[in-house]
2 protein chains.
Amino acid sequence: MSVGTHPTFENSPSGTVLTSPPDGSAVDRATDAARRVVDALLRTDRGNANLERVAEELNSIAGHLEEHAPAVAERLIDMWNGEGVTRHDPVTGPENALAPPVVLEGLSDGSVRGTVTLTIPYQGPPGHVHGGVSALLLDHVLGVANAWGGKAGMTAQLSTRYHRPTPLFEPLTLTGKLMSVDGRKITTAGDIRTADGQVCVSVEGLFVDKTVPRPR
Amino acid sequence: MSVGTHPTFENSPSGTVLTSPPDGSAVDRATDAARRVVDALLRTDRGNANLERVAEELNSIAGHLEEHAPAVAERLIDMWNGEGVTRHDPVTGPENALAPPVVLEGLSDGSVRGTVTLTIPYQGPPGHVHGGVSALLLDHVLGVANAWGGKAGMTAQLSTRYHRPTPLFEPLTLTGKLMSVDGRKITTAGDIRTADGQVCVSVEGLFVDKTVPRPR
């Protein structure tokens with residue numbers, strides 16, 4: 001599929017932001033606060049932080065939000081029409097507390113790039129990023145790279161190589177770039193590097209030119 | 001590395017639970033409530049749910065939890081000594097609100113298996129699971145399968161194939177099994193299937209017999 005009006009490296013300036021950064025809206029601030037809660041729950045004193053009360057308060061907030069939620073089918077329609085497709089995903093979505101969230105920009109060489117510092121919720125080995133989290137981030141980066149390259153598609157295959165443990169608590173650079181197109185097959189590559197340029201994880205993805213229809 | 005006292009299919013009965021299911025403790029209940037908040041934030045009415053107030057309340061809870069948190073270095077030591085290694089990770093950890101959480105059990109044929117139903121926070125394409133989330137879940141399942149097979153190691157390479165879009169809101173079965181060991185190289189395979197047995201995603205992982213040391 002051609003992505004039509006989406007920004008690409010051929011029609012947009014280098015440095016174009018391709019995701020939806022947190023914009024200070026109430027939903028973004030509430031989601032950012034939920035991220036703080038998720039992180040702090042893993043760090044707080046198990047015996048001394050009155051977690052029974054915290055559970056009650058969080059359930060009360062959840063109950064309030066659920067009372068104001070439309071039916072899921074209806075919500076999905078709104079989500080995919082007009083709110084912005086990068087507002088809800090688990091990697092770049094400012095409205096999704098699972099997302100760090102990553103902000104990605106497109107560069108003039110056709111690549112996309114972002115920086116992220118990950119904390120304890122994303123831990124796999126002690127003090128390091130879960131290998132599956134690295135795969136999650138890179139899969140998404142490759143999808144954004146495809147769009148910046150003027151293509152869109154579904155992931156068909158993702159090959160992830162782990163070169164060294166990826167540290168938590170340090171800025172990591174994520175990059176991705178559409179490498180080649182062969183008929184309906186799109187090949188895209190990316191990696192995660194530390195601030196001093198060491199490659200921790202690299203990935204190559206094969207995408208096919210099809211999409212899941214939007215709900216309506 | 002041999003995993004010593006960990007349960008394996010040779011020393012433990014079929015059906016042994018290999019992860020730490022939520023146990024009703026205050027921290028597990030608070031984390032489960034945080035999951036409800038994360039999900040409800042994506043679903044609630046953007047204009048009518050008083051999200052400014054929700055942001056304030058969540059920040060207040062986060063502040064309280066942070067006040068009672070030890071230094072991160074100290075917290076990491078506790079986390080990796082005695083609390084149980086499957087309590088904090090982003091796939092099976094009942095104390096990690098990013099985790100659904102998945103519960104995995106070991107079977108007598110050497111495989112591990114679990115069932116999970118994913119909701120909007122895990123969405124990629126409309127109404128379907130994010131491809132990177134599937135990779136995250138399967139990477140973790142393979143690690144648990146290695147331990148059940150009597151081995152442990154770091155992911156060196158993960159090859160993920162996407163056969164069809166993976167649905168949200170339906171029970172999915174995750175499986176993994178250690179397939180072969182060649183010196184320090186461990187090969188492990190797994191997949192995600194729908195309730196009627198259709199394979200959505202399959203994965204093969206190459207692991208190497210080494211670990212990141214625990215903090216102390």
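**Charged pairs and the chain contact**

Author: Arg36(A) is partly exposed, with a relative accessible area of 30%; buried means under 20% relative accessible area, exposed over 50%, and partly exposed in between (1.4 Å probe, protein chains only). This is a predicted model, in which local features need pLDDT of at least 70 and side-chain atom pairs count only at pLDDT 80 or more, while totals for chains, interfaces and linings use all residues. Residues are numbered from 1 along each chain as its sequence is written, chains are lettered from A and ligands numbered from 1 in the order in which they are written, and side-chain values use heavy atoms, with hydrogens and water left out.

Reader: With which residue does Arg36(A) form a salt bridge?

Author: A salt bridge is a side-chain nitrogen of Lys or Arg within 4 Å of a carboxyl oxygen of Asp or Glu. The closest N and O atoms of the pair are 2.7 Å apart. Arg36(A) lies in helix H1 (residues 26–43) of chain A and its partner in helix H2 of chain B, so the pair joins two chains; helices (H or I, at least four residues) and strands (E, at least two) are DSSP runs, numbered from the N terminus. The partner, partly exposed at 26% relative accessibility, is Glu66(B).

Reader: How many salt bridges are there between chain B and chain A?

Author: A search of the whole structure finds 18 salt bridges over all chains. One that links the two chains joins Glu95(A) to Arg46(B), with the closest N and O atoms 2.7 Å apart. Between chain B and chain A, the count is 4 salt bridges.

Reader: What area do chain B and chain A bury between them?

Author: The size of an interface is often given as the accessible area lost when the parts come together. Here buried area is the accessible area (1.4 Å probe) that two parts lose on being put together, summed over both. Of the area buried between chain B and chain A, 68% is on carbon and sulfur atoms, and the total is about 7300 Å². In chain B, the residues that lose the most area to chain A, together 9% of what that side buries, are Arg43(B), Leu65(B) and Leu98(B).

Reader: Is Arg43(B) buried or exposed?

Author: The side chains of Arg43(B) and Asp39(B) meet in a salt bridge (2.8 Å, N to O). The two are 4 residues apart in helix H1 of chain B, and therefore separated by about one helical turn. Asp39(B) is buried, with a relative accessible area of 14%. At 15% relative accessibility, Arg43(B) counts as buried.

Reader: Which residue forms a salt bridge with Asp32(B)?

Author: Asp32(B) is partly exposed, with a relative accessible area of 43%. The closest N and O atoms are 3.1 Å apart, and the partner, buried at 11% relative accessibility, is Arg35(B).

Reader: Which residue stands opposite Arg161(A)?

Author: Strand S4 (residues 154–162) of chain A and S4(B) run antiparallel and are joined by 5 bridges; two strands pair if DSSP finds at least two bridges between them. In S4(B), the residue opposite Arg161(A) is Gln157(B).
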